Amino acid sequence: MFFASCWFLTQCPFIIAMKEYAEKFYKSVAWKQCRAAYAKSKGGLCEVCLARGRIVPGEIVHHKIHISPKNINDLNVILDWNNLQLVCRECHAEAHRHDGNENPQRYEVDQFGRVTVRADAPPGSA
Ligand SMILES: [Zn+2]
Ligand SMILES: [Zn+2]
């Protein structure tokens, strides 16, 4: 089973300069192993849905403390299981809902777990 990574960082306009570095991290063997092992430890289920009594396959390994230029080199943050959460797409969008804007309808998550600005976002919200 394939689990996507939380890709919010690489889509964030404020830290677009970090894109290359973040991609390097997301493609690293250390992260892939960490992500797979963590997802497996959770039985492959969305943790948020499970807490609500729903059995939904988890698709994305999300960082609770979002990765930023400040902590991308800090292995205690980026590879720490305590900072990870296996979530479904819906819950991932929810987790990032308040990131940098007040319009909850602005983001969507693609099949790779990347959070992107919706094409049909209301005018002026970009
Ligand atoms: Zn995330
Ligand atoms: Zn969920």
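Visitor: How do E1 and E2 run, and how many bridges join them?
Guide: Strand E2 covers residues 60-63 and runs parallel to E1, with two bridges joining them. Strands here are DSSP E runs of at least two residues, helices are H or I runs of at least four, and both are numbered from the N terminus. Two strands pair if DSSP finds at least two bridges between them. This is a predicted model, where local features need pLDDT of at least 70 and side-chain atom pairs count only at 80 or more, while totals for chains, interfaces and linings use all residues. Residues are numbered from 1 along each chain as its sequence is written, and chains are lettered from A and ligands numbered from 1 in the order written.

Visitor: Which residue of E2 is the bridge partner of Ser 5?
Guide: That's Val 61.

Visitor: And what's the strand order in the sheet?
Guide: E1-E2-E3, an open sheet of three strands with mixed pairing. E1 (4-5) and E3 (84-87) each have a single partner strand, so one side of each is left without a neighbour in the sheet.

Visitor: Switching to helices: is Val 48 buried or exposed?
Guide: Val 48, in helix H4, is buried because it has 20 C-beta neighbours inside 10 Å. The cut-offs are 20 or more other C-beta atoms within 10 Å for buried, 12 or fewer for exposed, and partly exposed in between, with C-beta atoms placed from the backbone.

Visitor: What does Val 48 touch, leaving out residues up to four places away in sequence?
Guide: Val 87 and Cys 91, where contact means backbone-placed C-beta atoms within 7 Å.

Definitions and conventions
Two residues are in contact if their C-beta atoms, placed from the backbone, lie within 7 Å.
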